[in-house]
Amino acid sequence: MSKRKSQFRLSAVLMLVAVIAIAPAWAAPAAISIENAWARPGIATAAPAGGAMQSSAAPMKGGNSAVYFILKNAGTTEDRLIAASSPVATKSELHISRIENGVASMRAVPDIAVPAGGSTELKPGGLHVMLVGLKQDLKVGDRIPLELRFARAGVMQLTVEVKMMKQ
Amino acid sequence: MSRFLSLALAGTFLVACQKPIAWNGQALAKPIQPPELALVDQKDETLRWQNLHDKVMQVNFGYSRCPDICPLALGHIKNAVKALGDKADRVAVVWVTIDPERDTPAYIRKYLALLDDRFIVVTREVTEIDKLAKVFGVHYKRVLYDGNADGYAFQHSAAVYVVDRRGHVRLIHGDTGDLQKIVEDVRHLL
Ligand SMILES: [Cu+2]
C-alpha cells in the first residue's frame, strides 16, 4: 500500500518534470513574443526550358529568401534566438548584412540576442533569417511556417506572410 | 547689333546658370562612356548600350540569391522611378547580375515576375559583365562563409549609378536609401 503510494508519487513527480522539460515557457510565461513577421518573395527553380546554355548536368538549386520580424522580451533575463527552420527551405540561417565603405556583404551569426525588457528588430539591410535553397516558390500572399528556437524560451512556431517590402 | 549682343549675353547667362547643379550624388569629374559590349538581357537577347540612349538610367549590380540588400536596393530604385510620375517612362533601370552562372535568363525572368518586369537585367556573359563592372568601377568578390548552405555568396559594390541620356555614367549614389536625393538628380538629367 505505502509502496504503491510512493510509486504513484514518484511517477507524478516524473510527469511534472517531463511537462516542465517539454514546455519551459510554463516556467517563465511567454517572455518572448514575435511581431510583424514577413518574408520576401523568392523562387525555387528556373523554368525547365532554360535554353541551350544550361549544359552543366548539376541540377539548379533553389533561390533564397529572407524573413524579418520584431522580437520582444517581456522577461527579466536576456534571451537569444539560436536557430530557425522552415519546411520551405533546405536550410534556414541567422544572418546579418551590412554595407561598409560602399561594399555590401552578408554573413552568418551564431545567435541574435533579445535584451531583457527590450526588443530586437530583424529588418532589411541588417539582421534576417535567410531561407537558403527554396523548395517552393514564395509568392506575395503565401503563408509559410517558421520555427524559431530560443536559448530560454525554447521552440516557437509562427506563420509568416510573403510580402513586398513595406515602404 | 545691340539686340544680337543682348541675345548673346542672355545665352551666356543661361549657360552660366545651367552649369552649377548641386548634385546629391557623387558627380564624376569625367563622365564615363561605356564601350559597346556583347551584353545579353533576361530575354536572352543582345543588349546594346546605345539602344538605351535617350533614357536616363539607374544602374545597380547585384545577384538574385542575395535576398536582403539586393531587393532592398531594387525596391529603392523602383520607388525612385515611381516618384517621377508621368516622367517615369523616360527612365530605365538596368540591373547587372554578378552571378550569371546561377542567374540565367530563364531564372531572372521568373525572379523579375515577382518583383518588377520593367527592369532590364544584364546576364549571361561573365566576361562582358566583368568589363562593364570595370567601366563602372564596381568591385565584386565571390566569398564562402561559415555555415552557408548556399555554396557561395558575393561581396559587391552597393551603389546606384546614374547614367545620362547620352549613355555617360555621371553620378554615383552610395546611399540608395535616400530616395529623394536620387530622384532630384535624375530629374536634372531628364
Ligand atoms: Cu542572408
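Okay, let's start with chain A: among its contacts (heavy atoms within 4.5 Å) between residues at least 6 apart in sequence, 73% join residues at least 24 apart. Before I go on, this is a predicted model, where local features need pLDDT of at least 70, side-chain atom pairs count only at pLDDT 80 or more, and totals for chains, interfaces and linings use all residues. Residues are numbered from 1 along each chain as written, chains are lettered from A and ligands numbered from 1 in the order written, and side-chain values use heavy atoms, leaving out hydrogens and water.

Chain A has 1 helix and 10 strands; those are DSSP runs, H or I of at least four residues for helices and E of at least two for strands, numbered from the N terminus. Of its 167 residues, 37% count as buried, meaning under 20% relative accessible area, with exposed over 50% and partly exposed in between (1.4 Å probe, protein chains only).

Now over to chain B. Asp103(B) sits in the loop between strand E5 (91–97) and helix H3 (105–115). What does its side chain make a polar contact with? That's the side chain of Ser64(B), at 2.5 Å; a polar contact is an N or O pair within 3.5 Å, where within protein one atom must be able to donate a hydrogen and the other to accept it, and sequence-adjacent residues count only if both atoms are side-chain atoms.

Last one: Ala38(B), in the loop between strands E1 (26–32) and E2 (39–41) of chain B. Ala38(B) is partly exposed, at 44% relative accessible area. Beyond neighbours within four places in sequence, Ala38(B) touches Glu125(B) and Glu128(B).
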